[in-house]
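Got your viewer open and the cartoon view on? Let's take a walk through this one, stop by stop.

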Amino acid sequence: MAWVTKKYKPDLVHVLEFQNAGYVYLRGLRLSQNLSRIPLLLTPYGSDIYWFKQFPRHLRKIRALLARADVLSSECHRDEMLALANGFKGKFGPRIPAFGGLQFSHQKEDRSSRNAIAVKGYQNRWGRALNALRAIENLGGSFSDMEVVLFSCNQSTVRAAKKFAKATGRNVTAFRKGKLRNDEVIAIFRRSAVYIGLSRSDGISASMIEAMANGAVPIQSDTSCCGEWLEHGVGGFLVDYDDVDGVSRALARILSDPTFQSNAAARNLETLGEKLRTSSVAKAAIETYEMVTTTN
């Protein structure tokens, strides 16, 4: 990084994600005085501060980055408050979601055609897909006509899905991570009544936003900052990722009430329309870069 800044003389440095790019930047500071004179724009990803701040070794680096930054461009208000609590004294740029454009399904529909429950299939350091399966199992024979579709699964989730199907007799399909194109995931959302995403840490879940854009009502863990996009009890439900019974109750509430589903889907489209207008996102990006280049 030091020789790159010396050779190209950039107007700014934009660090996207802390634990890789950000830590490389800190090493570069030790090697280059020039780097310290260039304005710094930080963009934290979902777990960069929220999750890693609990580890002292990471927290020291997070605070060093925040202390150096001129502008912070985050996804959500939560991360702005965490930044302030950990030494950030720069300016906040407009909040910009870290995902691309979305296709919206605006037409009115018969909710009875939605015959699936979509589940994000991560079961790892952060993901808790198995809790979603346990929650569905708690329903017993209720809503047994609903197919359970898991996507982005790792091997442990695939194995658990097979056991779950055998134990419950439910129709279950599990796709390994990378096996589906994005349009194929969207097709799953478009035939799903519900989307379930459970994790120990997240920012604005791109999967949840895509599910909302395509009419699936979300049940999302409250360790994300999705509460800034999803109105709990109106557009879906925010839950504790380990509260299996709570997920079951939310799932039963959605599946048992087509009117709730329709109203939630309509409300979510309104929310997305307000937050994701292409022109306003583009304007926010330009405004952010202008803020950085005029800081010094």
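Start with the sheet: six strands make an open sheet, running β7-β6-β5-β8-β9-β10 with parallel pairing. Strands here are DSSP runs of E with at least two residues, helices are runs of H or I with at least four, and both are numbered from the N terminus; two strands pair if DSSP finds at least two bridges between them. Color β7 (172–176) and β10 (237–239) to see the edges, since each pairs on one side only. From one strand to the next, the twist averages 15°.

A word on what you're looking at: this is a predicted model, where local features need pLDDT of at least 70 and side-chain atom pairs count only at pLDDT 80 or more, while totals for chains, interfaces and linings use all residues. Residues are numbered from 1 along each chain as its sequence is written, and side-chain values use heavy atoms, with hydrogens and water left out.

Next, select 217–221, which is β9; β9 and β10 pair in the parallel sense over three bridges. Click I219 and find its bridge partner in β10, F237. Now show helix α10 (residues 244–255), which packs on the sheet and touches β5 (116–120), β8 (192–197), β9 and β10 (contact means heavy atoms within 4.5 Å). The direction of α10 makes about 165° with that of β8 (axes are lines fitted to C-alpha atoms, for helices over the stretch in contact, and angles run from 0 to 180 degrees between N-to-C directions).

Which residues have the most contacts inside the largest nonpolar core? Select I117, V194, I196, I219 and L251; that core has 34 residues in total. A nonpolar core is a set of buried Ala, Val, Leu, Ile, Met, Phe, Trp, Tyr and Cys residues joined through side-chain atoms within 4.5 Å, and buried means under 20% relative accessible area, with exposed over 50% and partly exposed in between (1.4 Å probe, protein chains only). Helix α10 gives the most to this core, six residues. A second, separate core of 23 residues includes C76, M208, I209 and W229.

C76 sits in the loop between β3 (71–72) and α5 (77–85) and C225 in the loop between β9 and β10, so the pair ties together parts 149 residues apart in sequence. Last stop, C226: its sulfur is 6.2 Å from the closest cysteine sulfur, in C225, so it is too far for a bond.

Terms used: A disulfide is a pair of cysteine sulfur atoms within 2.5 Å.
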